[in-house]
Each structure stands twice: as C-alpha cells, then as structure tokens.
Amino acid sequence: MSDHKLKEQIKRLNQIGIALTSETHLPTLLELIVREVRGFTRADAGSLYSVDRNQIRFEVAQNDTLAARKNEVYESFRPYPMPLDKTSIAGYVAITGETLNISDVYDLTGDEEYRFNPAFDDRNRYRTRSMLVVPIRTQQNEILGVLQLINSLDKQNNVAVFDSEQEDLVASLASQAAATIQNARLINAVHEIFAALVRYSASAIDARSPHTAGHSRRVATYSMRLARSANEETEGTLTDVFFSDKELEELNYASWLHDIGKIGVREELLERVDRLTPASMELISTRFEAIKLAVARDFERQRRAEGGSKETDHAELERRLREVDEDLGFIRRINKATRLSSEEIRRIEEIQTESFRNARGEVRAYLSEEEVHHLSLPSGNLTGKEFQEVRGHVLQTLNIINKIPFTNDLERIPVIAAAHHEKLDGSGYPLGLTASDITIQARILGIADVYDALTASDRPYRGAMPVQEALQHLIKEAEAGKLDRDLVDLFVSKKLYEGVT
Ligand SMILES: [Fe+2]
Ligand SMILES: [Fe+2]
C-alpha cells in the first residue's frame, strides 16, 4: 500500500472512530458501524449479529442492491434469534473468534464446519459471493457480535474478493466497534438503573397512602400516550407539535417525579379521608342520641299540654325521630365525601340552624360552628392550613429534583414537573403561571394528573369518579380556560384513558 493511501486510510479510520464514539444509542450505533465498514470495504451488503448467551441475533442488515429495487418489496431481515452453533457462518465466527474471508460462498467444499444457507438469496433473487466475516471482540476477549460483509465491489462495480488489507482494517474497526458497543451498553445500563430507581422511589412515596398508590405510574402512562398521540397528529393545532425521543424521555421522568415532593407532606394529611376526626364524629353521634331524647321529651310535653289521639301522635313522633336519624346519616355520608354539591352544603346549613334542649335544659345547636366548617369545605377534607401543606409538595418536588444532575438533554424535567398544578388562566399554583409560561409538556402532565386524581379507583373510602364524569370535568376545565383544549380533545377523542389500571 502506498504511503499516501495508508495515510488516507488511517485518517478515515480515525474519522469513523470519532463518529462511533459520539453515538450512544445502541441501534443507531450498530447501523452506523455497518454503514461505515461497508463504505470502507465497498461492500454491497452487510449484517451485524449480536451474541446473547447461547443465541445470535440479527441486529442490522443493509443491502444496497435490494434497497435499490424500487417498487418491489423484498424480504426484510427479521431480527429473530438463531441458536449459537458452528453450523452457520456467523455462529462459527462468534464461537471460534476466527475471521473468515470467503471468495465465493457457493464454492465452499462442504468440508467446513459451517454452511452457507442460500434460502435468502433464493427468495430475493440475490447472489451472495464474497464474504468477510469478523468477530466483534472486546479487549477482554469477549465476543459481542459478528460483522458480516457481503460482495466487495471493485471500481467497475463487479463483485471482488475482500483483500487481506481490508481484512486488517475491518478487524481494527471491529475492535473499535466493540469498545463503543460496550460503552453504549454501559450507558444504557446506567440509564436503566436510574429509571428503575426513579420508578421505585416514586411508587414508594405514592404507596404511603392508598389515595395515591400507583398515581405516578398512571400519570406517566397518560402523559406518554398524550405526547405520542400529539406526535401523530397531522391536522389541527397540534400538527406542529413534535416531541423527540429525548423530549419524550424528559416528560416521562417529569411525570414519574412530579409528586415526589409529597414525601414532605405528613402522612395523616395524605391519609385523611374523613372531614371530621373519628372523635368528633363520635361526639356528634352521641349528641344526636341526646337530640332524639329531647325530641321525644318535648313531644310528650307538647302532647300533654295540647291533648290528642295517641295513634296519630305516635306516628308524628316516629316521623320526627326518623328525621333526626336521617340528618345523622347525611352527616356521616358527607363526612366521607370528596366534593359537595351546593344542595348538600345547603342541607348542612339547615341542620346547623336546628337546636335542641339538653338534659340540663340548655339550648344547643345540632352542629357546632367548627363541625359545620369542616363538613362544608367545598373540596376535600383539609383545612386551609393543611391544604397549603399539601400544596407545598410542588416546591418540595422542585427542591428534590433540582438536586438530580440530569444531563443537558433532560434539563427541563424540574420545570415541567413543577408546573403540573399550574392552570392556563393563572389560577393554578405554586406560581400562578399563565398559558405563555406553561410548556406543552407541563400541560400534558397537568391533564394526566387531574384525570388520574379524579378516577383513581384505589381509594378505599371514597368512590372513584366514573370515567364519563371525569372526562366532562376535563372538558369543563378546558372550556373555562384552565386546561389545554386541544390536548383535552385529543385525550377524549382518542380514548387515551382506556385500559390503564
Ligand atoms: Fe401534585
Ligand atoms: Fe399528581
């Protein structure tokens, strides 16, 4: 080889090396390896197999001749695994670590341990001739895969034999490829460990309360469905929305982590499902017994004073006592309810105006002011201060995930996660951001969060809202300018809520 040619090849090898090391996405990297090595050897086709314990797996198949046959569907390579044994050419190289440089695979003598399988050629009217097959071997001598180059083309595009110089260069490239594959696998493994850690931490925090168990997982599912559906939109306002793989990953992490700040919220607040403490509910029950006694006593007094028929009086007394029982039953029910209708609030106020005379003759209200306050909180069962504490979880989330050193391409995770309770009209929290400051990812997360909070069925003490009612709620919120209308429409029309448990 001339000095000049050698220099050129070394330069090219270096360039390939640099290109390989900058790619960490494994499937892309494998494609790149085959493409570069084929370019180097002018190979018409090439494949890459990975070795996976006792199997070899087709990872990449490129074939210029077949790809050039336009308007004709040719059989694509399917990545099915094959048993790792010496009968196939790739298997032989994977086991022995030998390089095979075959001038024409149809001229094999039959004495070899391996055989060429012509089935693919037959089916696709292709003619495999020369073949160079090299192991992809790490410095630790582990064989990660096999690189198979087919039909080296000479300057006139005739199939030629791979020469021995090419053999050395391909071997050198294969060892570079081994290092980069190893590196990419390592990076993937770290990613997977990190993702698992995120999932387990979030699930553990959700599981502190039956209210929130499984919440982050489901929110991540809804978010990803919404984002992927938005990607597929080809008309309407979401046409221009497109999330790259990294942006999807960002949203996925943000979804899993959005409520991680709940770790700082007292368990009893997450757990609290009754508006009143059990002790106050007990007190009310006892009081209502006293009320019934008082009703009976007052009735008797009145009857004596006025005189009347015993039968009709008896029925009237029963009716009055039943009313008291019904009031108590209503209070018990309200005590467990998440949301109250205006009618229910009115009824509580009515009960509040009722009074009775206790055994000592003192006039007492059916319900104390404090009891009424707790019972009639419009949403939920927390007082204002407690509610603030629960709301504080967003800032806690931000504090926690700000400490995670995410790589640059995932740097928006904290911002997305911290905006999950913001509303487009500025009525959300903690910052009261408005539409222009709420990213589309945060809008998606917000919708997923509201929907799951409404429909989660793992709440033992209060019923989950039926799906249709929850969807109506989302639509109403969108109409009120709080949630993103297009995204809500997509969520509803594509039924993205279905089948999530
Ligand atoms: Fe939240
Ligand atoms: Fe949430």
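Select helix α10, residues 278-306: its 29 residues should span 42 Å at 1.5 Å a residue, and its end C-alpha atoms are 42 Å apart, which agrees. The expected span is 1.5 Å times one less than the number of residues. Helices (H or I, at least four residues) and strands (E, at least two) are DSSP runs, numbered from the N terminus. The model is predicted: local features need pLDDT of at least 70, side-chain atom pairs count only at pLDDT 80 or more, and totals for chains, interfaces and linings use all residues. Residues are numbered from 1 along each chain as its sequence is written, while chains are lettered from A and ligands numbered from 1 in the order in which they are written.

**Domains**

Colour the protein chain by its domain assignment: domain 1 (3-187), domain 2 (207-269 + 388-493) and domain 3 (273-381). These bounds come from an automatic or database domain assignment. Between the C-alpha centres of domain 1 and domain 2 there are 46 Å.

**Helices α7 and α8**

Next, select α7 (residues 215-232) and α8 (residues 245-257), which pack at an angle of about 155 degrees with their axes 8 Å apart. That angle makes α7 roughly antiparallel to α8. Axes are lines fitted to C-alpha atoms, for helices over the stretch in contact, and angles run from 0 to 180 degrees between N-to-C directions. Angles under 35 degrees count as roughly parallel, over 145 as roughly antiparallel, 65 to 115 as roughly perpendicular and the rest as oblique. The crossing of α7 and α8 is right-handed; the term applies if the near helix is turned clockwise from the far one by less than a right angle, and left-handed if anticlockwise.

Show S216, V219, A220, S223, M224 and A227 in α7, which meet L248, L251, N252, S255 and W256 in α8. Contact requires C-beta atoms, placed from the backbone, within 7 Å. By class, this contact of α7 with α8 has seven nonpolar, four polar and no charged residues. Ala, Val, Leu, Ile, Met, Phe, Trp, Tyr, Cys and Pro count as nonpolar, Asp, Glu, Lys and Arg as charged, and the others, Gly among them, as polar.

**Helix α6 against α8**

V198, R199 and A202 of α6 make the contact with Y253, W256 and L257 of α8.

**Helices α18 and α19**

Move to α18 (residues 467-479) and α19 (residues 485-493), packed at about 160 degrees with axes 9 Å apart. This pair is therefore roughly antiparallel, and α18 passes α19 in a left-handed crossing. Display L471, L474, I475 and A478 of α18 with R485, V488, F491 and V492 of α19, the residues that make the contact. They divide into seven nonpolar, no polar and one charged.

**Two backbone stops**

Most residues other than glycine have a negative phi, and most peptide bonds are trans. Centre on N151 in strand β6 (residues 143-153); phi of N151, a residue other than glycine, is positive, near 55 degrees. Finish at P430, in the loop between α16 (413-418) and α17 (440-455), where a cis peptide bond joins Y429 and P430 with omega about 5 degrees.

Technical notes: Contact = placed C-beta atoms within 7 Å.
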